[in-house]
Amino acid sequence: VVHHAVLHVLRDSKELRPEKFPLNFVSRFGWAPGARANLFPPNVGAFIPKQSKLALTVHYEANGEITVDDKTRIGFYLYSKKPTNIREEWTLLNEKITIPPRSANHVDRIEKVVPYDANVIAMNSHMHLRGRSSRIFIEKTDGSRDAIFELDPYLFSFQYTYEKEKPLKLKKGEKIICENTFDNSLLNKLNPN
């Protein structure tokens, strides 16, 4: 069955190798279990450069049954003129994460400095079978912190995108800090190894 599907608008059209997909994109749009169609707020759009290559990656998960139909579909709503706000996806990703054997509470911390004033309209967390919890903070330039997202427990089978009721304003120079906790112990019934 489909576990998640991600559409990548590739930065370099010659790089269609899957291992480049996490970093080689202008925009990404995804779906995971429990998610609805990804519709942007009014007057928000994503830029797809002329002659871009689009690549779809689909992660399948065995469920013990024979499945023959994949009903994954992609649709676009096109603006007749440039929208006021451009949607971007900022991925906080640690490609070199090492979770120690039998660790029940390994915390992985990722930071990103906000490159320009921006608004957060949604966020999610994607940690696969060892994920336990996820927290996102904004660190202001004066050092104070605001928690803006907490997912505890993290559930692999239900990975929603959480939309803000009102956009959250970020200022250039602030930090986004993501702390993900992983369970690599025998007590985690989903742990594959």
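The side chains of Ser 134 and Ser 125 are joined by a polar contact of 3.1 Å. By polar contact I mean a pair of N or O atoms within 3.5 Å; within protein, one must be able to donate a hydrogen and the other to accept it, and residues adjacent in sequence count only if both atoms are side-chain atoms.

Before going on, the ground rules. This is a predicted model, in which local features need pLDDT of at least 70, side-chain atom pairs count only at pLDDT 80 or more, and totals for chains, interfaces and linings use all residues. Residues are numbered from 1 along each chain as its sequence is written, and side-chain values use heavy atoms, with hydrogens and water left out.

Back to Ser 134. A polar contact of 2.7 Å joins the Ser 134 side chain to that of Asn 180. Ser 134 sits in strand 8, residues 131–139; strands (E, at least two residues) and helices (H or I, at least four) are DSSP runs, numbered from the N terminus.

Is Ser 134 buried or exposed? Ser 134 counts as buried because its relative accessibility is 1%. The cut-offs are under 20% relative accessible area for buried, over 50% for exposed, and partly exposed in between, with a 1.4 Å probe and protein chains only.

What surrounds Ser 134, leaving aside neighbours within four places in sequence? Its contacts, meaning heavy atoms within 4.5 Å, include Met 127, Phe 149, Leu 151 and Cys 178.

A salt bridge here is a side-chain nitrogen of Lys or Arg within 4 Å of a carboxyl oxygen of Asp or Glu. A search of the whole structure finds eleven. Glu 179 belongs to a salt-bridge network with Arg 109, Glu 111, Glu 139, Arg 145 and Lys 175.

Glu 111 meets Arg 109 at 2.6 Å, N to O, and Lys 175 at 3.4 Å. Glu 111 counts as partly exposed, at 39% relative accessibility. Arg 109 is partly exposed at 39%, and Lys 175 is partly exposed at 25%.

One more salt bridge. Arg 87 pairs with Glu 89, the closest N and O atoms being 3.8 Å apart. Arg 87 counts as buried, at 14% relative accessibility, whereas Glu 89, at 24%, counts as partly exposed.
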